Number of protein chains: 2
Amino acid sequence: MVPIIENMSSVSNYQDQTHLLVAVDCIIFGFDKEELKILLIKRNFEPEMGKWSLMGGFLQPNETSENAANRVLETLTGLHDVYLDQVHAYTDPKRDPVERTISITYYALINSEDHNEELTKQHSAQWFSLNEAPELIFDHGQMVQHAINRLRYKTSVQPIGFELLPEKFTMRQLQRLYETILNEEIDKRNFAKKINQLDVLIKLEEKDMSSSKKGSFLFTFDKDKYEANTKNGISFKL
Amino acid sequence: MVPIIENMSSVSNYQDQTHLLVAVDCIIFGFDKEELKILLIKRNFEPEMGKWSLMGGFLQPNETSENAANRVLETLTGLHDVYLDQVHAYTDPKRDPVERTISITYYALINSEDHNEELTKQHSAQWFSLNEAPELIFDHGQMVQHAINRLRYKTSVQPIGFELLPEKFTMRQLQRLYETILNEEIDKRNFAKKINQLDVLIKLEEKDMSSSKKGSFLFTFDKDKYEANTKNGISFKL
DNA sequence: ATTTATAAATGTAAATAATACACTTAAAAA
DNA sequence: TTTTTAAGTGTATTATTTACATTTATAAAT
């Protein structure tokens, strides 16, 4: 029988307890106009040097795990104020062969156009589409799968997809984003209907001429309406 | 700039990194035929002796956090093989005033009839309905709220409610359970329709005579059908 | 024995939401 | 001027959700 807090009656420190390493690992999602991708690093350090993994880092003395995830993310991409969401804590005593480390995962949604390529190059990082991603070290494959599931759920309940898009985007880009996240095809008329009834987009005068002769109108999302209309969540089922 | 894993090029141990205490805290849900309740303990140890809190314990050298949650749960209730679901890791450096401790929460679903009252008495534990629960120490109040939200989501997507009921239960008990979890009234005809179309219940010959003159039929849930019909999730919206 | 009281059991119609589906339009390129 | 290409748009069908009231079985009371 191992001790539990209750048995330590009236002690006021926890000095006999096991102290462990705590890390964060980031599942960095980006959208390159066609597909959802994740940013992976090729490890240039042991253990598992040369293999692909998530970017991570150890929790420092005065950081929350969210601070740490932000730091890790900025180190790799140069971006700050990025959308981050905690997914799960992984605690198998043998998950890291060097020393027991628990890892808390966060997924990040970034507009992949924005990231600093210099930094990602330094870290031998590369974007992979989800079905072409290499095998990952440790339990990182499971972490990615878990993060995708969480992202799918979150997408159906909050319009976080906008975090992955540039400021101005076309209806078609938004649709492709939803398609790639939810991994299913969506009818464009039904999609537009659904998005319009959320009433969070502003249609601009401007058109994007890169994808067709006719051009397609650009939209931004209206932060005020977005907050007003979505504070009780949305239901996005298509 | 604090170190991240990448900067430790080619090291194969993490000896310079900060080691922290890791705890689990359990949000124990039970259902007493009318209401969803949580089991809280009155602390007979410092810090915050005499105040109410969740039951928790430190992660031990060879345990996963799930093992630890199971252990904590068995210590308090005598139950094992209980439904447990990880919720969130809390990492604020100041969340525990004694020493920095990160806490991973799990919610547990138990049939409150089953728990060992001797043990709960020993730990000065008590069941509280959600709106009558006392103020909790540290960030435990937030943990409970977060766990309720997660339970609501999970309930709408998997029929985990059965974990909270005795083996045999009436349709009305099941309905009250859903009502208390989702915090809304449900029409009994619509409820029965929805449950029946899930096709996971077996109607028994037996009746429960305690609640009415007519008596109400008892049901159990059919484990095989349950697994077959729900492996792709359910949609429980009422 | 009959009446009364109580919760259990049950079905249908209306409203809302989701899905399936095809033609017209704008503009550049040929 | 014609061709090509993706953008833009609406309606009918189906499925799901919601609203709603009466009958029934039994124990308790008379």
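Helices (H or I, at least four residues) and strands (E, at least two) are DSSP runs, numbered from the N terminus. Helix 5 of chain B supplies the largest share of the surface near DNA strand C, 4 residues. By type, the residues of this surface divide into 4 nonpolar, 7 polar and 10 charged. Here Ala, Val, Leu, Ile, Met, Phe, Trp, Tyr, Cys and Pro count as nonpolar, Asp, Glu, Lys and Arg as charged, and the others, Gly among them, as polar.

The model is predicted: local features need pLDDT of at least 70 and side-chain atom pairs count only at pLDDT 80 or more, while totals for chains, interfaces and linings use all residues. Residues are numbered from 1 along each chain as its sequence is written, and chains are lettered from A and ligands numbered from 1 in the order in which they are written.

DNA strand D is surrounded by 22 residues, the closest being A:R189, A:S212, A:S216, B:K213 and B:K214. The elements that give two or more residues to this surface are helix 4 (171–182), helix 5 (188–198) and strand 10 (216–221) of chain A, together with helix 5 (188–198) of chain B. Helix 5 of chain A gives the largest share, 4 residues. The surface near DNA strand D holds 4 nonpolar, 8 polar and 10 charged residues.

In chain A, 3 strands form an open sheet in the order 8-10-9, with antiparallel pairing; two strands pair if DSSP finds at least two bridges between them. Strand 8 (169–170) and strand 9 (201–208) of chain A are the edge strands, each pairing on one side only. Strand 9 and strand 10 of chain A are joined by 5 bridges, and A:I202 stands opposite A:T220 in strand 10.

In chain B, strand 10 is joined to strand 8 (residues 169–170) by 2 bridges, and the two run antiparallel. B:T170 stands opposite B:L218 in strand 10 of chain B. Another 5 bridges join strand 9 (residues 201–208) of chain B to strand 10, again antiparallel, and B:L201 stands opposite B:F221.

B:V200 is found in the loop between helix 5 and strand 9 of chain B. Why does B:V200 count as buried? The reason is its 22 C-beta neighbours inside 10 Å, since a residue is buried if 20 or more other C-beta atoms, placed from the backbone, lie within 10 Å of its own. The C-alpha atoms of B:V200 and B:F221, 21 residues apart along the chain, are separated by 5.7 Å.

Elsewhere in chain B, strand 4 (residues 55–58) is covered on both faces: B:M55 and B:G57 on one side, and B:G56 and B:F58 on the other, are all buried. Strand 1 (residues 19–31) of chain B is joined to strand 4 by 4 bridges and runs antiparallel to it, with B:D25 opposite B:G56.

Technical notes:
A residue is near a molecule or strand if its C-beta atom, placed from the backbone, lies within 6 Å of it. A residue is buried if 20 or more other C-beta atoms lie within 10 Å of its own, exposed if 12 or fewer, and partly exposed in between; C-beta atoms are placed from the backbone.
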